[in-house]
Amino acid sequence: MPGKLKVKIVAGRHLPVMDRASDLTDAFVEVKFGNTTFKTDVYPKSLNPQWNSEWFKFEVDDEELQDEPLQITVLDHDTYSANDAIGKVYIDIDPLLYSEAATVISGWFPIYDTIHGIRGEINVVVKVDLFNDLNRFRQSSCGVKFFCTTSIPKCYRAVIIHGFVEELVVNEDPEYQWIDRIRTPRASNEARQRLISLMSGELQRKIGLKVLEMRGNAVVGYLQCFDLEGESGLVVRAIGTACTLDKLSNTSAFLPACNSPSKEMKEIPFNEDPNPNTHSSGPSTPLKNQTYSFSPSKSYSRQSSSSDTDLSLTPKTGMGSGSAGKEGGPFKTLLRQQTQSALEQREFPFFTLTTFPPGFLVHVGGVVSARSVKLLDRIHNPDEPETRDAWWAEIRQEIKSHAKALGCHAVVGYSESTSICEEVCILSASGTAAVLNPRFLQDGTMEGCLEQRIEEASPPGCGFCHIPYDELNMPFPAHLTYCYNCRKQKVPDVLFTTIDLPVEAIVIGKGCLIQARLCRLKKKAQAEANATSISNLLPFMEYEVHTQLMNKLKLRGMNALFGLRIQITVGENMLMGLASATGVYLAALPTPGGIQIAGKTPNDGTYEQHISHMQKKINDTIAKNKELYEINPPELPEEIIGSPIPEPRQRSRLLRSQSESSDEVTELDLSHGKKDAFVLEIDDTDAMEDVHSLLTDVPPPSGI
C-alpha cells in the first residue's frame, strides 16, 4: 500500500539563544524521511521564527511508513562555521495508517536535545495519503492497532481473541561501535535514539504481520521493552494479545453483539461493561447460550524457536470447522477431567490481558512464574535473534508446565521482564494459571456433562476461587476449606494473582496497596561464577518476597492479592526485589488466622516479656487494620463450613531460621491461641528485625 507523506513546518517558539552577539537565533529546519531530506529557509534573528514552509512531499512504501520515524532537526545557521544543532523531533507515522484514523497530525512538539534537554517547541503539520495495494506478498501491517491497556478499550468490542503474539529484534548498539571513539557524545546519543525508533517501528510491523496472519486487526495488552545488553547488542522485544476489534458507534455502544450471521456461533461483546443493555433490533440470545469467539488461525511463534515448545494456537492434529477451518481447529477449553493425551493435542494460550468479562474465568489456580540467569557473552551470534528466542521459549515452556501442574490450561495476566548488569541477564516471566469458560470460545459445543460440571463448579461470585487442581494430588502442600460462599467446592486459604479483581468477585471491605521490599548482598564475581551466585540467591529471594507479602496480607486481615508484580533487579554488589499488589478480603476464602510469635530461646523472663509485648502489638495492629479497611466478615461455625482441623504439620509458619530441622518443627507447641493462627518463630536477630519491619511498614498517604 504505497503512500504519500506531506510535511509542513509552520513555526517555532521559545528557542534558545545561539548567537551571543545578538542574543538571538538564525533558525532553519531539516525534514528527513528515509533517505530524502528537505530544508526550510533560514529565519534570521528570532527566538520565535515563523517559517510557514511549503509542503514537503515524500513518496514511500507503507513498509517504510511503519519502520521509519519522521525526523525534524532544528539548527542555527552559521555563515563561517558548521551549523549548530538546537534539537530534534521524532514523529511516529504509524497512528495515521489505520483505516478509521485521522490522516493528519498537527500541533506543537517539544524540541529535544540529548545533551541540553528540551529547547523550545515547533509547530508541524503531517498528512498521509495511502493508495490501495492488493499485493498479498507485501511486508507491511498497516491498519493493525496497538493498545497498551490490558483490557479491551471501552470504545471497542472484541469479536475474537486470537491469542498470544511475540517478537524481538536485535541490532548492534551504536554506543559500542568503533566509530563511537571519535564522534561527539551528541552524535552517539542521536545514533542510538534513531536506531531505537527504527527498531521499535520494525518490531511493531512484524507483530502486526503475525496478527494479520491470524486474521486479527489489533494487539491489546501490548508490552514493549528495550534490553541494553552492552557489547552483545540492543534488543527490542514485545508481547501482546492478538484480537479482532469492532469500533462501537454511539447507537450500538451498549448493544450485545449476539446477532451474528454465522449459524455455528453467536458472539457477545468482550468489553468492560458487565451489564450491557439488552435491547437490540433483533431477537436477543440468553447469556447462557451466547458464545464468545476464540478463533485461532496460524501459529504465532517464530519457527526458529525451540522445537519442543508448543505455544501456538494451532492444533498439531486434525482440522477444525468454522471460520478457522482452513488454517487450524479452534481452541477448546481443557478440563481437568480430560486425559493427558487430550491435553497434549490441544493448545495452551497465553493472555497479556488482565481484565475479563463476567464468567470468562472458571477457575484461577494462582501465580505461576519462572526465572532464568543467562550470560550474554555466551551468545554465539549476537546479531541474530535465535538465541534470545530459545531463552524465552524455555521460560514460557516452564510457565506452561507450572500451569498444567495446577490443573489449568491457560495463563492470563502474563508479562515478561529482564534485568541486566554487565554480562549477566535475569529473564523473568509471570502470569496467573486459569481455566477458561467454554461458552466464551468459538466452538462452544461442549458435551452436556462437561457443561453441567462447569455450571455446578462456577457459582456467581466465587467460582473463580475454587481450586482447579485435584485435592488428592496437589502439586504443593496447602490448607483447603470449603467455599464460604457456596459451601460446595474447596478453596485455598489465600490467593495470589497477576490479574485485576474480577467484576463478579464478592469483596468485603476495602482494598489496599501491599508491597514487599528485599535487598540481598552478593559477592563480586565475574562471568559464570557471578551467574551461579545469582542463580543460588534467586529462589531464596523469591521465597522471602512471598513470605513478606503473606505476612503483610495477614496483618491487614486480608486473604487475596490482585495485580501482583514482582521485580528482581541485579547490580554489581546486590540483588533487589520489589513486589506490589492490591490486597482484598474475598468472601469466598476463609478468614485469615492471626499471627502468633513463638520463641525458641531458653527461658528468660525479659525475653518472654518482650515476645508477649510483640504479640500484643501484632494483635492490636490486625484489629486496627480490620477496622480501617472495614473488614467484617459474617461469623460461620466450623461445622457448617466442614473444614477439617489442620494437623500441626499443616500449619504455616511465617518466618523460620535456616538452621531448623524438620524434627525441631514438630516440637513447637501450637496448641495455644487460635487453632488457625500463623506462627512467627523468633530465634535470631534477623527474624526479630522482620517483625519490626512488619509492624512499622508505612501505609500510603491518607486519601489514596
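This briefing describes selected features of a predicted model, in which local features need pLDDT of at least 70, side-chain atom pairs count only at pLDDT 80 or more, and totals for chains, interfaces and linings use all residues. Residues are numbered from 1 along each chain as its sequence is written, and side-chain values use heavy atoms, with hydrogens and water left out.

**An open sheet**

- The strands β18, β20, β21 and β19 form an open sheet in the order β18-β20-β21-β19, with mixed pairing; strands here are DSSP runs of E with at least two residues, and helices are runs of H or I with at least four, numbered from the N terminus.
- Because β18 (495-496) and β19 (507-521) each have a single partner strand, they stand at the edges, and one side of each is left without a neighbour in the sheet.
- β18 pairs with β20 (residues 560-570) in the parallel sense over two bridges, pairing being defined as at least two bridges found by DSSP between two strands.
- Phe496 has Leu561 in β20 as its bridge partner.

**Glu166**

- Glu166 lies in strand β10 (residues 156-171).
- Glu166 is buried, with a relative accessible area of 4%; buried means under 20%, exposed over 50%, and partly exposed in between, using a 1.4 Å probe and protein chains only.
- Gly240 is 74 residues from Glu166 in sequence, while their C-alpha atoms are 6.6 Å apart in space.

**Glu384**

- Glu384 is located in the loop between β13 (361-375) and α4 (386-405).
- The relative accessible area of Glu384 is 39%, which means that this residue is partly exposed.
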